[in-house]
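I set down here what I looked up in this entry, in the order in which I consulted it.

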Amino acid sequence: MWLSLKRLWVRYRVIFKVLFFAVLCLGIYLGVNPTPPPTSASWHGDFYHAGGLFACTILSFLAYPRWRWWLRGALMFLVGLAIEGVQTFHSTRSAELFDLQVNTGGRAAGLLVIFLFQWTYRAQTARSSR
């Protein structure tokens with residue numbers, strides 16, 4: 001099963017790269033847009049932040065699996081920091097420290113999922129090579 005999953009992963013790597021940059025660009029666009037996205041509850045904005053960085057972190061792994069975990073985490077942190085930095089210049093948006101914390105939570109969750117996948121994959125391939 002792991003071998004067939006790896007073949008599919010390699011086969012669709014270009015699609016994962018396109019998806020990564022599409023989600024990244026969408027997140028940056030929504031983050032720097034002068035009008036904030038509509039939210040009906042206070043947790044919706046937090047979900048946008050955490051979910052967006054989680055999705056970008058996972059897609060960055062699918063598109064570029066050889067990146068080190070610290071590089072992936074640093075790049076995703078810089079994306080969140082840049083978006084919050086641009087929001088300080090919009091009169092209708094506000095940059096908040098809590099948003100950076102929520103971004104960190106989404107990024108950390110994505111890195112944890114990647115770590116668990118790699119750990120499981122290594123354990124399965126070690127078991128099957130015996």
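I began with the surface. The accessible surface of the protein chain amounts to about 8700 Å², and carbon and sulfur atoms hold 71% of that area. I kept in mind that the model is predicted.

I then looked up burial. The protein chain has 130 residues, and 26% of them count as buried.

Next I turned to charge. I found 13 positive and 4 negative side chains in the protein chain. The centres of these two sets are 30 Å apart.

For the fold, I noted 5 helices and 0 strands in the protein chain. Reading along the sequence, I recorded the pattern α-α-α-α-α. The C-alpha trace of the protein chain spans about 60 × 30 × 25 Å along its principal axes.

Among contacts in the protein chain with a separation of 6 or more, 75% are between residues 24 or more positions apart.

I located Phe98 in helix H5, which covers residues 97–128.

From Phe98 I took one distance along the chain. Gln124 is 26 residues away from Phe98 in sequence, and I noted a separation of 39 Å between the C-alpha atoms of Phe98 and Gln124.

Key
Residues numbered from 1 in each chain as written. Predicted model: local features only at pLDDT ≥ 70, side-chain atom pairs only at ≥ 80, totals over all residues. Heavy atoms only, no water. Helix = DSSP H or I, 4+ residues; strand = E, 2+ residues; numbered from the N terminus. Buried < 20%, exposed > 50% of the residue type's maximum accessible area, 1.4 Å probe, protein only. Contact = heavy atoms within 4.5 Å. Areas by Shrake-Rupley, 256 points an atom, 1.4 Å probe, with all protein chains shown as cover. Lys, Arg positive; Asp, Glu negative; His and termini not counted. Charge placed at Lys NZ, Arg CZ, Asp CG, Glu CD.
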